[in-house]
Amino acid sequence: MRLLQRCICVGQGASMARMTELFPPYTGNQPFIFLCFSDLDEKRLRPLLERLYERGCRIWYPVGHVGTAAEREQRDARMKEAHLVILYQTKHTRADHAAKSAVLVCQERSIPIISIDTDDAESALSMGLDPRAVHLKARGVDAQEDALLRTDGFSQELIGPPQKIPKKPLITIAVVMLAATLLLAGTAFLYRRLQPPEIIQAEDTVFFSDPALTTAVREALDGELITEETAATVTVLHLDALPGHLDELSLLPNLSRIELDQKNAGDAAPLLDRYEIVLTGGNP
(Lines give C-alpha, C1' and ligand atoms only; values in the text may rest on other atoms or scores of the structure.)
Protein backbone atom coordinates (compact mmCIF):
# COMPACT_ATOMS: atom_id res chain seq x y z
CA MET A 1 0.00 0.00 0.00
CA ARG A 2 2.85 2.37 0.85
CA LEU A 3 4.47 1.60 -2.49
CA LEU A 4 1.20 2.41 -4.29
CA GLN A 5 0.86 5.71 -2.43
CA ARG A 6 4.46 6.55 -3.25
CA CYS A 7 3.89 5.85 -6.96
CA ILE A 8 0.77 8.05 -6.97
CA CYS A 9 2.62 10.90 -5.29
CA VAL A 10 5.54 10.63 -7.70
CA GLY A 11 3.15 10.68 -10.69
CA GLN A 12 1.29 13.70 -9.37
CA GLY A 13 4.56 15.48 -8.65
CA ALA A 14 5.80 14.97 -12.20
CA SER A 15 2.48 16.15 -13.62
CA MET A 16 2.44 19.26 -11.42
CA ALA A 17 6.05 20.03 -12.37
CA ARG A 18 5.04 19.94 -16.03
CA MET A 19 2.10 22.26 -15.34
CA THR A 20 4.29 24.82 -13.54
CA GLU A 21 6.72 24.65 -16.46
CA LEU A 22 3.96 25.46 -18.95
CA PHE A 23 2.04 27.90 -16.73
CA PRO A 24 4.48 29.33 -14.17
CA PRO A 25 2.75 30.92 -11.15
CA TYR A 26 2.78 34.72 -11.28
CA THR A 27 5.48 36.30 -9.10
CA GLY A 28 5.11 40.01 -9.94
CA ASN A 29 3.56 42.89 -8.01
CA GLN A 30 0.53 43.62 -10.20
CA PRO A 31 -3.00 42.45 -9.30
CA PHE A 32 -3.26 38.68 -9.66
CA ILE A 33 -5.61 35.72 -9.18
CA PHE A 34 -5.11 33.03 -6.56
CA LEU A 35 -6.19 29.75 -8.15
CA CYS A 36 -7.16 27.31 -5.42
CA PHE A 37 -7.54 23.63 -6.31
CA SER A 38 -6.64 20.12 -5.23
CA ASP A 39 -3.53 18.58 -6.74
CA LEU A 40 -5.69 15.56 -7.66
CA ASP A 41 -7.60 17.78 -10.11
CA GLU A 42 -4.50 19.06 -11.91
CA LYS A 43 -5.24 17.29 -15.23
CA ARG A 44 -8.91 18.24 -15.12
CA LEU A 45 -8.08 21.88 -14.38
CA ARG A 46 -5.30 22.28 -16.91
CA PRO A 47 -7.48 23.19 -19.97
CA LEU A 48 -9.06 26.12 -18.10
CA LEU A 49 -5.69 27.26 -16.74
CA GLU A 50 -4.29 27.15 -20.29
CA ARG A 51 -7.13 29.35 -21.58
CA LEU A 52 -6.68 31.93 -18.83
CA TYR A 53 -2.89 31.90 -19.17
CA GLU A 54 -3.00 32.46 -22.92
CA ARG A 55 -5.45 35.31 -22.36
CA GLY A 56 -2.86 36.98 -20.15
CA CYS A 57 -4.46 36.44 -16.74
CA ARG A 58 -1.94 36.80 -13.94
CA ILE A 59 -2.42 33.61 -11.93
CA TRP A 60 -0.63 32.37 -8.85
CA TYR A 61 -1.09 28.97 -7.26
CA PRO A 62 0.90 27.05 -4.64
CA VAL A 63 3.16 24.27 -5.77
CA GLY A 64 3.91 21.19 -3.70
CA HIS A 65 3.79 20.81 0.07
CA VAL A 66 5.49 23.27 2.39
CA GLY A 67 8.27 21.83 4.49
CA THR A 68 9.00 24.50 7.07
CA ALA A 69 7.13 27.17 9.00
CA ALA A 70 9.00 29.83 7.04
CA GLU A 71 7.83 28.37 3.74
CA ARG A 72 4.26 28.27 5.04
CA GLU A 73 4.41 31.91 6.12
CA GLN A 74 5.82 32.91 2.73
CA ARG A 75 3.04 31.06 0.92
CA ASP A 76 0.32 32.50 3.17
CA ALA A 77 1.68 35.98 2.63
CA ARG A 78 1.57 35.59 -1.13
CA MET A 79 -1.94 34.16 -1.00
CA LYS A 80 -3.20 37.12 1.03
CA GLU A 81 -1.94 39.54 -1.65
CA ALA A 82 -4.34 38.13 -4.25
CA HIS A 83 -7.07 40.40 -5.68
CA LEU A 84 -9.38 37.47 -6.53
CA VAL A 85 -9.70 33.82 -5.54
CA ILE A 86 -10.91 31.29 -8.09
CA LEU A 87 -11.87 28.08 -6.32
CA TYR A 88 -12.00 25.02 -8.57
CA GLN A 89 -14.39 23.01 -6.41
CA THR A 90 -14.63 19.23 -6.73
CA LYS A 91 -15.00 16.34 -4.32
CA HIS A 92 -11.21 16.38 -4.00
CA THR A 93 -11.15 20.08 -3.11
CA ARG A 94 -13.79 19.61 -0.42
CA ALA A 95 -11.62 16.88 1.12
CA ASP A 96 -8.41 18.94 0.86
CA HIS A 97 -7.81 20.61 4.24
CA ALA A 98 -5.06 22.85 2.88
CA ALA A 99 -7.28 24.19 0.09
CA LYS A 100 -10.19 24.76 2.47
CA SER A 101 -7.95 26.59 4.96
CA ALA A 102 -6.52 28.80 2.21
CA VAL A 103 -9.98 29.82 1.00
CA LEU A 104 -11.13 30.67 4.53
CA VAL A 105 -8.05 32.81 5.14
CA CYS A 106 -8.73 34.77 1.95
CA GLN A 107 -12.40 35.08 2.86
CA GLU A 108 -11.50 36.58 6.24
CA ARG A 109 -9.49 39.22 4.38
CA SER A 110 -12.55 40.00 2.20
CA ILE A 111 -10.83 38.87 -0.99
CA PRO A 112 -13.58 38.15 -3.58
CA ILE A 113 -14.15 34.45 -4.20
CA ILE A 114 -15.55 32.84 -7.36
CA SER A 115 -16.27 29.13 -6.97
CA ILE A 116 -16.45 27.00 -10.09
CA ASP A 117 -18.75 24.20 -8.93
CA THR A 118 -17.94 21.21 -11.12
CA ASP A 119 -20.63 18.94 -9.66
CA ASP A 120 -24.06 19.17 -8.08
CA ALA A 121 -22.90 18.57 -4.51
CA GLU A 122 -23.40 21.20 -1.79
CA SER A 123 -20.72 23.81 -2.50
CA ALA A 124 -21.03 26.51 0.18
CA LEU A 125 -21.30 24.95 3.64
CA SER A 126 -18.81 22.17 2.88
CA MET A 127 -16.11 24.78 2.13
CA GLY A 128 -17.28 27.29 4.71
CA LEU A 129 -18.07 29.90 2.06
CA ASP A 130 -20.23 32.85 3.05
CA PRO A 131 -22.99 34.34 0.82
CA ARG A 132 -20.57 36.81 -0.74
CA ALA A 133 -18.91 34.04 -2.74
CA VAL A 134 -20.08 33.72 -6.34
CA HIS A 135 -20.91 30.21 -7.59
CA LEU A 136 -20.60 29.25 -11.26
CA LYS A 137 -22.30 26.06 -12.42
CA ALA A 138 -20.74 26.11 -15.90
CA ARG A 139 -19.63 22.76 -17.32
CA GLY A 140 -16.80 22.44 -19.81
CA VAL A 141 -13.85 24.72 -20.37
CA ASP A 142 -15.61 27.00 -22.89
CA ALA A 143 -18.55 27.68 -20.58
CA GLN A 144 -16.30 28.10 -17.54
CA GLU A 145 -14.03 30.62 -19.27
CA ASP A 146 -16.98 32.61 -20.61
CA ALA A 147 -18.72 32.65 -17.20
CA LEU A 148 -15.56 33.81 -15.43
CA LEU A 149 -14.99 36.70 -17.82
CA ARG A 150 -18.57 37.89 -17.28
CA THR A 151 -18.59 37.61 -13.49
CA ASP A 152 -18.31 40.65 -11.22
CA GLY A 153 -14.92 40.68 -9.57
CA PHE A 154 -13.09 39.35 -12.60
CA SER A 155 -11.74 42.72 -13.71
CA GLN A 156 -9.46 43.88 -16.49
CA GLU A 157 -6.76 44.77 -13.98
CA LEU A 158 -6.12 41.04 -13.53
CA ILE A 159 -5.23 40.60 -17.20
CA GLY A 160 -1.91 41.48 -18.80
CA PRO A 161 -0.39 40.77 -22.22
CA PRO A 162 -1.36 37.40 -23.79
CA GLN A 163 1.07 34.62 -22.96
CA LYS A 164 2.51 31.99 -25.25
CA ILE A 165 2.75 28.46 -23.94
CA PRO A 166 6.14 26.87 -24.67
CA LYS A 167 5.77 23.92 -26.98
CA LYS A 168 8.20 21.28 -25.82
CA PRO A 169 8.05 17.68 -26.93
CA LEU A 170 6.82 15.22 -24.32
CA ILE A 171 8.45 11.81 -24.12
CA THR A 172 5.37 9.68 -23.59
CA ILE A 173 4.52 6.03 -23.99
CA ALA A 174 2.63 6.90 -27.16
CA VAL A 175 5.75 8.47 -28.68
CA VAL A 176 7.88 5.48 -27.72
CA MET A 177 5.32 3.09 -29.20
CA LEU A 178 5.22 5.12 -32.41
CA ALA A 179 9.00 5.01 -32.69
CA ALA A 180 8.98 1.26 -32.11
CA THR A 181 6.29 0.79 -34.75
CA LEU A 182 8.26 2.81 -37.29
CA LEU A 183 11.41 0.84 -36.49
CA LEU A 184 9.62 -2.48 -37.00
CA ALA A 185 8.08 -1.24 -40.23
CA GLY A 186 11.48 -0.13 -41.52
CA THR A 187 13.05 -3.46 -40.60
CA ALA A 188 10.29 -5.36 -42.38
CA PHE A 189 10.69 -3.15 -45.45
CA LEU A 190 14.45 -3.78 -45.61
CA TYR A 191 13.90 -7.50 -45.13
CA ARG A 192 11.51 -7.60 -48.08
CA ARG A 193 13.94 -5.58 -50.21
CA LEU A 194 16.74 -8.06 -49.48
CA GLN A 195 14.63 -11.09 -50.38
CA PRO A 196 14.78 -12.37 -53.98
CA PRO A 197 11.74 -11.29 -55.97
CA GLU A 198 8.91 -13.76 -55.82
CA ILE A 199 8.22 -15.42 -59.14
CA ILE A 200 4.52 -15.50 -59.84
CA GLN A 201 3.53 -18.57 -61.83
CA ALA A 202 0.83 -17.90 -64.41
CA GLU A 203 -2.01 -20.39 -64.53
CA ASP A 204 -4.91 -21.41 -66.75
CA THR A 205 -8.23 -19.73 -66.04
CA VAL A 206 -10.39 -21.95 -68.27
CA PHE A 207 -10.56 -25.62 -67.31
CA PHE A 208 -11.87 -28.83 -68.92
CA SER A 209 -12.75 -32.03 -67.04
CA ASP A 210 -11.38 -34.20 -69.90
CA PRO A 211 -7.55 -34.20 -69.91
CA ALA A 212 -7.51 -35.13 -73.61
CA LEU A 213 -9.60 -32.05 -74.44
CA THR A 214 -7.24 -29.88 -72.38
CA THR A 215 -4.28 -31.28 -74.34
CA ALA A 216 -6.01 -30.69 -77.68
CA VAL A 217 -6.87 -27.07 -76.80
CA ARG A 218 -3.33 -26.36 -75.63
CA GLU A 219 -1.95 -27.82 -78.90
CA ALA A 220 -4.33 -25.55 -80.81
CA LEU A 221 -2.89 -22.63 -78.85
CA ASP A 222 0.72 -23.73 -79.48
CA GLY A 223 1.29 -24.25 -75.76
CA GLU A 224 -0.19 -20.96 -74.50
CA LEU A 225 -2.18 -20.73 -71.29
CA ILE A 226 -5.85 -21.47 -71.62
CA THR A 227 -7.72 -18.30 -70.68
CA GLU A 228 -10.99 -16.79 -71.81
CA GLU A 229 -9.06 -14.59 -74.20
CA THR A 230 -6.99 -17.38 -75.78
CA ALA A 231 -9.89 -19.85 -75.81
CA ALA A 232 -11.80 -17.39 -77.97
CA THR A 233 -9.09 -17.70 -80.64
CA VAL A 234 -9.56 -21.47 -81.13
CA THR A 235 -11.49 -22.15 -84.34
CA VAL A 236 -10.15 -25.62 -85.29
CA LEU A 237 -9.68 -28.48 -82.86
CA HIS A 238 -8.12 -31.91 -83.54
CA LEU A 239 -9.47 -34.75 -81.40
CA ASP A 240 -8.89 -38.47 -81.34
CA ALA A 241 -12.20 -38.88 -79.47
CA LEU A 242 -14.98 -36.59 -78.40
CA PRO A 243 -14.96 -35.47 -74.72
CA GLY A 244 -17.32 -37.12 -72.24
CA HIS A 245 -19.07 -33.79 -71.64
CA LEU A 246 -19.83 -32.25 -75.00
CA ASP A 247 -21.13 -29.05 -73.38
CA GLU A 248 -17.54 -28.17 -72.42
CA LEU A 249 -16.93 -27.34 -76.09
CA SER A 250 -18.99 -24.20 -75.46
CA LEU A 251 -15.98 -22.84 -73.55
CA LEU A 252 -14.45 -22.38 -77.03
CA PRO A 253 -16.95 -19.78 -78.30
CA ASN A 254 -15.47 -19.47 -81.80
CA LEU A 255 -14.83 -23.14 -82.46
CA SER A 256 -16.25 -24.00 -85.93
CA ARG A 257 -14.37 -27.11 -87.09
CA ILE A 258 -13.54 -30.38 -85.33
CA GLU A 259 -11.08 -32.79 -86.90
CA LEU A 260 -12.03 -36.20 -85.49
CA ASP A 261 -10.44 -39.62 -85.93
CA GLN A 262 -12.81 -41.53 -88.20
CA LYS A 263 -12.99 -44.55 -85.91
CA ASN A 264 -15.06 -42.37 -83.57
CA ALA A 265 -17.18 -40.81 -86.30
CA GLY A 266 -20.36 -42.39 -84.91
CA ASP A 267 -20.14 -40.21 -81.80
CA ALA A 268 -20.20 -36.96 -83.79
CA ALA A 269 -23.88 -37.00 -84.78
CA PRO A 270 -25.01 -34.61 -81.96
CA LEU A 271 -22.48 -32.02 -83.15
CA LEU A 272 -23.28 -31.90 -86.85
CA ASP A 273 -25.68 -28.97 -86.51
CA ARG A 274 -23.10 -26.86 -84.69
CA TYR A 275 -19.69 -27.71 -86.09
CA GLU A 276 -18.03 -28.81 -89.32
CA ILE A 277 -16.86 -32.37 -88.64
CA VAL A 278 -13.81 -33.50 -90.64
CA LEU A 279 -12.81 -37.17 -90.27
CA THR A 280 -9.13 -38.01 -90.16
CA GLY A 281 -7.06 -41.21 -90.26
CA GLY A 282 -7.57 -44.43 -92.26
CA ASN A 283 -8.10 -44.48 -96.03
CA PRO A 284 -9.54 -41.35 -97.68
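1. Let's start with Asp222, which has its place in the loop between α8 (211–220) and α9 (228–231). (Helices here are DSSP runs of H or I with at least four residues, strands are runs of E with at least two, and both are numbered from the N terminus.) Phi of Asp222 is near 55°, a positive value in a residue other than glycine. Asp222 counts as exposed because its relative accessibility is 72%; exposed means over 50% relative accessible area, buried under 20% and partly exposed in between, with a 1.4 Å probe and protein chains only.

2. A word on the source: this is a predicted model, where local features need pLDDT of at least 70, side-chain atom pairs count only at pLDDT 80 or more, and totals for chains, interfaces and linings use all residues. Residues are numbered from 1 along each chain as its sequence is written, and side-chain values use heavy atoms, with hydrogens and water left out.

3. Next, have a look at Ser110, in the loop between α5 (97–108) and β4 (113–117). Ser110 also has a positive phi, near 65°, and is not a glycine. Its relative accessibility is 49%, so Ser110 counts as partly exposed. For background, most residues other than glycine have a negative phi.

4. Now the second largest pocket, which holds about 220 Å³ of space. Helix α3 (residues 69–80) gives the most to its lining, with 4 residues. The lining includes Trp60, Tyr61, Glu71 and Arg78.

How values were computed:
1 Å grid on protein atoms, 1.4 Å probe; cavity = no way out; pocket = protein on both sides within 12 Å on 5 of 7 lines; lining within 4 Å. Points joined across faces, edges and corners; volume = space filled by probe spheres on them.
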